[in-house]
Amino acid sequence: MSQMPQQAAVSKCPSCEEPLESGDRFCGACGYDLSAVPPRPDDHPDVAVGGAVPAPAPAPDGVDWPAARDSDGQGRPVPVHAAAELPGTDSGGAPLPPPPAAPSAPPSAGVRFDRPGEPEEYPLQAPDPRLNSTAAPLPEAAAPAPGAKVCVACRAGRVDDDGYCENCGHAQPRERDHMEQESGPVAAVSDRGLRHHRNEDAFSVGCTALPDGAPASVAIVCDGVSSATRPDDASLAASRAAGESLLTALPRGTHPQQAMHDAILAASHAVNALADEPATAREQGPHQNAPACTLVGAVVTAGLLVVGWVGDSRVYWVPADRATPPARLTEDDSWAAQMVAAGLMSEAEAYADDRAHAITGWLGADAYELEPHTASFKPDRPGVVVVCTDGLWNYAESAEEMADAMPLDAAVRPLHGARVLVGHALDGGGHDNVTVALVPFPAVPQGAGSA
């Protein structure tokens with residue numbers, strides 16, 4: 001009958017006698033290096049029942065083969081040891097300390113377990129000192145005092161006078177990079193834009209009451225002249241001076257148009273005073289231009305709309321009924337406007353010229369001649385007055401484009417409307433600082449702000 005084939009005998013480790021798998025290079029039990037051991041001979045000598053060992057068979061062909069120098073007496077070589085496994089002595093003859101025991105591991109074919117263990121995670125090139133047990137712990141951040149400015153990065157450290165966090169050292173955004181203010185029904189938003197390193201615009205908004213108790217809303221927007229010294233200081237000084245002048249004069253009974261004229265003069269004096277300060281004194285920096293800015297403003301009462309300006313910032317009128325056409329209420333003090341007024345170029349040609357935005361009127365000590373412009377209007381329907389710098393109207397130049405960019409509910413949500421207009425300029429490229437103030441017409445009593 002047929003028989004199942006018998007399994008070939010499995011070789012054993014010459015060191016620990018553990019069975020070996022075919023192809024093993026190291027013993028899975030003791031890690032013995034099998035490559036240094038010749039394969040065991042297949043012909044084992046027969047052992048008598050009584051224990052006597054028979055004499056070895058004579059060598060074939062009459063050859064007298066020498067006996068192995070190192071053998072166990074039965075023709076088998078003794079186990080071979082690596083040099084590192086044998087005891088040794090140092091240069092003084094003292095025995096060397098025994099090597100550390102290799103970690104035990106389960107046997108596995110073809111894998112050595114005598115290599116050093118590897119960590120599960122490797123440390124980073126620059127370890128965190130807080131994870132080092134020998135390093136001193138980092139001091140805990142001191143809790144900022146109530147009302148103190150808190151870091152925008154770590155939300156825990158106090159901001160010092162230089163604008164840096166005392167905890168993490170993060171430089172804080174400058175306050176004027178993005179500003180928003182809502183005063184009753186009036187709101188304004190100013191943003192640095194996407195290209196300028198600082199915001200050189202400024203604004204002032206507020207509400208007051210006329211002597212008869214009728215409400216009045218005020219908005220002033222200023223744009224610093226970038227080629228001048230300290231343009232951000234100039235716009236801030238001008239907007240504050242003009243706003244304070246209007247909010248002081250209107251309750252006293254000054255006519256809104258006259259109050260606007262006087263506010264522009266007050267702003268001019270404030271900007272001129274910056275030129276006399278040590279930071280920009282002519283004798284210390286004769287090569288520097290005096291601080292300068294443009295100004296545009298609006299006063300809205302129950303039935304009157306007054307605008308005033310110097311420079312190229314603008315005022316637009318957008319009726320609540322969008323079926324009625326909007327209008328631009330100011331004329332630029334610029335090279336392009338002069339070319340159009342003189343009939344030398346069309347408006348499209350003038351504003352396509354590289355000199356289009358060169359201003360011919362501004363506030364500052366080096367201004368040729370201050371000519372405040374004022375105008376008054378009596379709209380016959382409600383609407384919204386848009387007071388803005390060229391950072392906005394560069395992306396909505398015509399009155400129709402400005403009306404299309406403004407939300408329909410801007411009269412009842414002026415802050416939201418101002419944000420949308422600033423976003424329109426940023427989406428268009430944001431090449432300049434962007435500032436816009438929205439003033440609903442007619443003026444509403446104080447306390448009736450945006451929803």
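How many helices and strands does the protein have? Seven helices and twelve strands. Keep in mind that this is a predicted model.

Overall numbers next. The protein has 451 residues, and 36% of them are buried. Its accessible surface comes to about 26,800 Å². Carbon and sulfur atoms account for 54% of that surface. Now contacts. Take those between residues at least 6 apart in sequence: 60% of them join residues at least 24 apart.

On to the backbone. Most residues other than glycine have a negative phi, and most peptide bonds are trans. I have one exception to each.

Go to the loop between β4 (215-224) and α1 (231-249). Arg 230 sits there. Its phi is near 50°, a positive value, and the residue is not glycine.

Then jump to the segment after β12 (434-441), where you'll find Pro 442. Which way is the peptide bond from Phe 441 to Pro 442, cis or trans? That bond is cis, with omega near -5°.

Back to helix α1 for one side chain to look at. Asp 232 is in that helix. Is Asp 232 buried or exposed? Buried: its relative accessibility is 16%, and the cut-off for buried is under 20%. So what is Asp 232 in contact with, leaving aside neighbours within four places in sequence? Four residues are on the list: Arg 176, Arg 198, Asn 199 and Glu 200.

Key: Residues are numbered from 1 along each chain as its sequence is written. This is a predicted model: local features need pLDDT of at least 70, side-chain atom pairs count only at pLDDT 80 or more; totals for chains, interfaces and linings use all residues. Side-chain values use heavy atoms; hydrogens and water are left out. Helices (H or I, at least four residues) and strands (E, at least two) are DSSP runs, numbered from the N terminus. Buried means under 20% relative accessible area, exposed over 50%, partly exposed in between (1.4 Å probe, protein chains only). Contact means heavy atoms within 4.5 Å. Accessible areas come from the Shrake-Rupley method with a 1.4 Å probe; for residues, only the protein chains shown count as cover.
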